[in-house]
Amino acid sequence: MPAEEVLAALGSGPSGLSDESAARRLRSHGPNAVRTHAVSPSAVLLRQLRSPLLVLLAAAAAVSFAVGRHPDAVIIGIILLGSVGLGFANEFRAERAAAMLHERIRHTAVCLRGDRPLSLDVTDLTPGDVVRLSAGEIVPADVRLLAVQSLTCDESVLTGEGRPVPKQTGPVEAGAALAELSCCALMGTVVHAGIGTAVVVATGGRTRFGLVALQLGTRHPETRFQAGLRRFSELLLGVAAVLTVAIFVINLLLARPLLQALLFSLAIAVGITPQLLPAIVTTSLASGSRRLARIKVLVKRLVCIEDLGDVDVLVTDKTGTLTRAAVAYAEALDPYGDPRPAVATLGLVCADPSARGGGNPLDVALWQAGLPEPVGWKVLAGVPFDHERRMASVLADDPDGVRLLVVKGAPESVLARCEDVPDRAEQVLGDRFAAGARVIAVASRPALDVTAVSPADEARLHLAGFLVFADPVKPDANEAVARLTDLGIAVKIATGDNALVTAQVCAQIGMTGPLVLTGADVDRLDDAALVDAADQATAFARVTPEHKARIVRALREHGRAVAFLGDGVNDALGLHAADVGISVDTATDVVKDAADVILLDKDLHVLADGVVEGRRIFTNTVKYVLMGTSSNFGNMFSAAAASAFLPFLPMLPSQILLNNLLYDTGQLAIPSDRVDPEQLRSPSHWDLHLIRRFMLFFGPISSVFDFLTFAAMIGVLHAGPALFRSGWFVESLATQTLVIFAIRTRRTPFFRSRPSTLLVFAAGAVVLAGVLIPYSPWAAVLGFRPLPATFLLAVGVMVVAYLALVEGGKRLFYAEPAGAPAARWRNTAHAVGRRAARFSHRRHARPLRLRTAARPRLRAGRRPGWDRRR
């Protein structure tokens with residue numbers, strides 16, 4: 001359909017919808033969202049109850065109550081409720097923190113309402129809205145284009161094709177393929193260049209992007225770390241299932257009561273499974289976001305914390321990050337290197353007048369240099385700077401009425417358009433570049449009878465001279481780059497500046513032997529060759545926004561996690577291409593909208609602090625996992641083994657659950673723990689193989705001391721059931737709780753690695769509670785009895801011996817070198833999930849029901865745009 005008919009069919013017009021009409025349509029169509037950050041207490045509660053073992057245990061307790069064993073059933077029920085409540089409270093609080101984070105982040109689009117341009121949240125757009133598109137923005141909905149100016153879009157998130165697609169306004173054939181919809185821009189794609197005006201034709205799940213995103217679910221997808229935790233939980237669940245069946249069969253063969261055998265075997269299984277693991281993870285991320293805010297790092301989503309810790313390549317701009325961003329005008333020179341103030345006057349004529357209040361740093365520096373104003377000059381027309389020409393030009397009359405075309409820009413670009421350039425000019429330019437100065441060339445030519453100007457007129461110029469600017473390196477830039485290198489992050493510079501200047505900056509900040517690729521070098525390389533060249537290069541000079549995006553994509557081909565740091569509109573494409581987009585609070589709105597992480601201070605030290613925090617959260621979460629696979633697993637295995645040769649159950653089901661509840665409560669302090677520096681020196685990766693080895697190595701050590709406890713109880717104290725259970729309850733709780741101090745570090749605990757005060761307090765409180773329970777008024781109800789003082793002394797000795805043996809085993813275990821981390825390939829699902837996060841609403845995204853013919857064709861399980869190789 002022609003664009004006019006599209007507007008008529010949508011009941012809209014070139015000036016957009018009225019506020020009343022837009023509100024009515026928004027109520028009818030729902031928010032323009034494909035994700036929801038709504039927090040549902042019932043959903044969180046259901047996640048606590050979805051463990052089949054928990055449900056079976058609750059059912060068995062109910063049966064126990066029905067057959068008259070009221071005390072056991074009530075105790076088990078209370079402990080189960082306490083465990084579920086603890087997990088629910090922590091996970092619900094963390095989810096609310098994540099939802100509040102989403103609420104604070106706004107992704108906006110410029111929309112016409114009654115011909116008034118407004119900045120609206122993208123989720124408030126509705127069919128019929130007229131929106132404006134500009135370079136670097138994410139297209140906010142499926143739109144039909146009404147007017148375009150050199151508009152191209154990167155549609156790789158939908159089609160897998162990385163080349164920008166030119167756009168136009170004329171209609172295309174009905175039923176055209178996705179890649180041929182040149183008159184449309186699609187939700188989730190990136191405006192690569194140009195500007196446009198368009199009318200929204202589909203929102204949310206009715207868009208092409210929405211179709212793909214909703215197939216991945218309406219909730220924000222799990223991260224790779226969360227997926228690793230889920231696989232670990234499944235591993236333990238399988239172990240628990242085998243143990244449950246084996247214990248149940250053994251107890252039946254020993255002629256124990258059916259219900260008691262069932263309750264005992266299910267309690268063992270619940271004790272093995274990490275009930276509080278989701279709460280530990282979400283609590284760690286939520287507290288991590290608050291800690292990051294305190295160190296001037298704002299994350300838009302909690303999962304960005306994990307991505308930040310995973311980074312091992314950083315591509316950054318130069319100005320303001322490595323240099324002071326206080327660009328200062330130094331001098332004006334003629335082509336022979338002699339001072340010439342007239343060159344500065346021509347530079348001011350060609351400078352953007354709006355830069356007096358901020359903008360292009362070189363123009364700002366010119367206006368703030370205190371140079372004489374170009375009085376008497378009259379600017380008639382101009383062509384603004386762009387990253388392809390790398391220059392700007394104006395048509396102006398000088399004070400004598402002579403009309404000139406004045407051009408200023410990158411020396412390479414300007415000199416290529418000049419005639420009769422003195423040989424000396426190249427040497428002057430090289431000397432300034434070698435000194436680390438920034439230089440722009442100024443040229444002109446007569447333009448008599450010319451009334452308009454275009455890039456084609458920028459030819460046959462006469463070189464007037466050079467404007468030299470100082471952009472000194474930050475005093476701590478060397479230290480900041482060294483710190484990132486110590487964290488295992490390769491720092492690479494991408495700048496529009498000259499290659500010689502870039503190499504000089506690299507040398508000043510300690511990046512020895514820099515290999516600098518220019519934009520021309522990047523153009524000469526195909527994608528396959530660029531993969532290796534980008535990996536070897538230290539810096540990239542004279543690069544365009546498209547070059548930056550290509551470089552980032554090439555670096556990701558090695559399976560590395562790439563972050564991109566930038567604050568200009570020319571950085572938006574690089575931010576979208578990176579695994580983690582990082583910008584600063586003073587950046588343009590387009591760039592801040594494209595970023596995942598915002599730095600309140602443009603300082604690499606602040607970024608390093610953010611990376612450290614991401615890795616600290618990962619490391620502390622793994623501590624909980626390793627505890628669950630060592631002492632906790634060993635104790636539950638010991639209970640299973642003991643039930644086969646003892647004439648009574650080694651621990652009652654309610655006692656096992658109470659033990660597990662106390663243990664889990666103490667572990668909620670793990671997110672606050674300190675982390676050793678060496679644990680932060682490389683990106684954090686999930687390693688299920690290491691966890692399985694850890695379980696098989698340290699689990700038996702725990703069981704050995706359990707059996708020593710059994711021997712002391714039976715052989716020395718001649719304990720009956722109640723005393724035996726009391727003694728083992730105290731010993732098992734003490735060992736599995738205190739082992740965290742050995743597991744949390746590869747160093748010597750306390751002496752060379754101090755735990756957090758909160759962790760020490762929590763672990764001590766749990767052990768003290770375990771010791772006091774057999775002496776409490778409700779000890780008899782729980783099946784305990786007081787323990788002799790000599791036994792408590794023996795338990796203390798065994799706990800110390802156990803921790804010493806774990807410490808020795810730890811040194812043997814970590815003596816085996818770790819394998820190289822696997823490459824982290826992020827497929828289209830990752831890109832879609834990351835892009836979909838900006839279209840998130842507190843209301844639930846509406847699932848879309850379409851006829852089969854309307855759905856995208858999925859062959860062999862692949863989604864649209866899926867990367868075959870990955």
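Predicted model: local features only at pLDDT ≥ 70, side-chain atom pairs only at ≥ 80, totals over all residues.
Local features require pLDDT of at least 70 and side-chain atom pairs count only at pLDDT 80 or more, while totals for chains, interfaces and linings use all residues. Residues are numbered from 1 along each chain as its sequence is written, and side-chain values use heavy atoms, without hydrogens or water.

Aromatic rings were examined by pairs. Such a pair is described by the distance of the centres and the angle of the planes. Rings of Phe, Tyr and Trp (its six-membered ring) pair if their centres lie within 6.5 Å; planes under 30 degrees apart are stacked, over 60 edge-to-face, and the rest tilted. The count comes to 14 aromatic pairs. One of them joins Tyr329 and Phe469, edge-to-face, at 6.0 Å centre to centre and 70 degrees between the planes. This pair links distant parts of the chain, 140 residues apart. Tyr329 belongs to strand S11 (residues 328-333) and Phe469 to strand S16 (residues 462-470). Helices (H or I, at least four residues) and strands (E, at least two) are DSSP runs, numbered from the N terminus. Phe469 is buried, at 1% relative accessible area. Buried means under 20%, exposed over 50%, and partly exposed in between (1.4 Å probe, protein chains only).

Phe697 and Phe698 also pair edge-to-face, because their ring centres are 4.8 Å apart and their planes stand at 65 degrees. Phe697 is partly exposed, with 28% relative accessibility. Phe698 is buried, with 2%. Elsewhere, Phe648, Phe707, Phe710, Phe724 and Trp728 make up one aromatic cluster.

Helix H31 (residues 789-813) comprises 25 residues. From first C-alpha to last it reaches 36 Å, close to the 36 Å expected at 1.5 Å a residue. The expected span is 1.5 Å times one less than the number of residues. The buried residues of H31 include Phe791, Val795, Tyr802 and Phe813, and also Glu807 and Lys810.

His605 lies in helix H23 (residues 604-628). The residue is buried, with a relative accessible area of 15%. Beyond neighbours within four places in sequence, His605 is in contact (heavy atoms within 4.5 Å) with Asp476, Glu479, Ala480 and Arg483.

On the surface, Phe65, Val74 and Ile78 form a nonpolar patch with about 280 Å² of accessible area together. Patch residues have over 30% relative accessible area and no salt bridge; nonpolar side chains (Val, Leu, Ile, Met, Phe, Trp, Tyr) are joined within 5 Å, like charges within 9 Å. A salt bridge is a side-chain nitrogen of Lys or Arg within 4 Å of a carboxyl oxygen of Asp or Glu. Areas come from the Shrake-Rupley method with a 1.4 Å probe; for residues, only the protein chains shown count as cover. Phe65 is placed in helix H4 (residues 52-66). Phe65 is partly exposed, at 42% relative accessible area.
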